[in-house]
Amino acid sequence: MQDNHRQHFIAAIVFLLAAMGIPLLNSLLIHSHPDWTESPQYTRIFQAISSLLLFGLPSVAYTICAGGSTAKNLHLVSVPRADWAYLLIIIIASIPAVNLLSDINLSIHLPGTMQTIEAEIRENHRLNELATERLINIGTPALLITNIITMALIPAFVEEMFFRGWIQTSLSRHINPHLAVIVTAVTFSALHFQPLAFLPRTAFGLIYGYILLRSGSLWLTITAHFVNNAAIVVIAFLNTAYGIAINAETPGTGESWYLSAAGIALLTFAIMQLKPSGGERPHGATDSEYR
């Protein structure tokens, strides 16, 4: 695949058009169908459409303009069986560290002169959490399936194609692969526009980035992303429908901080064990670049 300015320019234009068009589309729908757009089902569907437009279309535009195989362009390649076992370890081991980072993020305060801005940020965060809880606190299997598709499967697939398949892959051809992972992770977190979740989302971006860096397969990052999102949806469903309370947000926080250190060590070990199918490192890099 040739890496040229044209394919990136077109993908960027598609992204900008989608970013401008989504709010306009939402405003038109709210104006024309106010009763319909107040329903949670509309929110679910519109979020899925927004993800497809904002992250899916630019990725498709990028790979079409690049020519060749779409699967190879976006690293949708086969994975050795052993990598799936290591991926499970990575997903479980990441929980305590991400929880700790979430606590740290929430405890950060802006200077006294910026208290008004901080109050607005925290209020927006609270409203976003309430809106999310409204969507995931459901009690029927049909809505559970809908949530898994719209809030887990679609975002995981298109966001990984966009951030890891396009952004990280392209950056890795021009800068150090590790720096490409960091830049992509920060961009991934920043584009979600949730300052009070910036650190844990950046951590997820780093984990997904290094999974791709080691394995060369986007299927693993898509799966990890999907499992993280789907777990939140399923846990909320079990609590609402059956009263089964599962608290996955406390391990690694408070006095159990040592679980975070152990988790980081374990997930680092598991990431280092990942190997690309065929034994070749992605992007033509040598083994030394991945140590």
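Trainee: Is Phe 163 buried or exposed?

Mentor: Phe 163 counts as buried, because its relative accessibility is 0%. Bear in mind that this is a predicted model.

Trainee: Thanks. How many aromatic pairs does a search of the whole structure find?

Mentor: The search gives 12 aromatic pairs. In one of them, the ring centres of Phe 55 and Phe 163 are 5.3 Å apart and the planes are at 50 degrees, so this pair is tilted.

Trainee: And which helices do Phe 55 and Phe 163 lie in?

Mentor: Phe 55 is in helix 3 (residues 40-66) and Phe 163 is in helix 7 (residues 141-172), so the pair ties together parts that are 108 residues apart in sequence. Phe 55 is buried as well, with a relative accessible area of 6%.

Trainee: What about Phe 204 and Tyr 208, is that pair stacked or tilted?

Mentor: Phe 204 and Tyr 208 are stacked, with 5.9 Å from centre to centre and 20 degrees between the planes. Both are in helix 9, 4 residues apart, which is about one turn of the helix. Phe 204 counts as buried at 16% relative accessibility, and Tyr 208 is buried with a relative accessible area of 3%.

Trainee: Which residues do ring pairs link into a cluster?

Mentor: The cluster consists of Phe 15, Phe 55, Tyr 62, Phe 162, Phe 163, Trp 166, Phe 188, Phe 204 and Tyr 208. One of these, Phe 188, has Arg 164 over its face, 4.6 Å from the ring centre.

Trainee: Where does Phe 193 lie?

Mentor: Phe 193 is in the loop between helix 8 (177-190) and helix 9 (198-215). Its phi is also positive, about 55 degrees, although Phe 193 is not a glycine. Phe 193 counts as exposed, at 65% relative accessibility.

Trainee: Last one, about the surface. Which residues make the nonpolar patch?

Mentor: Phe 9, Ile 13, Leu 16, Leu 17 and Met 20 make a nonpolar surface patch of about 530 Å². Phe 9 is in helix 1 (residues 5-32) and is exposed, with a relative accessible area of 56%.

Definitions and conventions: Residues are numbered from 1 along each chain as its sequence is written. This is a predicted model: local features need pLDDT of at least 70, side-chain atom pairs count only at pLDDT 80 or more; totals for chains, interfaces and linings use all residues. Side-chain values use heavy atoms; hydrogens and water are left out. Patches are made of residues with over 30% relative accessible area and no salt bridge: like charges are joined within 9 Å, nonpolar side chains (Val, Leu, Ile, Met, Phe, Trp, Tyr) within 5 Å. Accessible areas come from the Shrake-Rupley method with a 1.4 Å probe; for residues, only the protein chains shown count as cover. A salt bridge is a side-chain nitrogen of Lys or Arg within 4 Å of a carboxyl oxygen of Asp or Glu. Helices (H or I, at least four residues) and strands (E, at least two) are DSSP runs, numbered from the N terminus. Buried means under 20% relative accessible area, exposed over 50%, partly exposed in between (1.4 Å probe, protein chains only). Rings of Phe, Tyr and Trp (its six-membered ring) pair if their centres lie within 6.5 Å; planes under 30 degrees apart count as stacked, over 60 as edge-to-face and the rest as tilted. A charge sits over a ring if NZ of Lys or CZ of Arg is within 6 Å of the ring centre and within 35 degrees of the ring normal.
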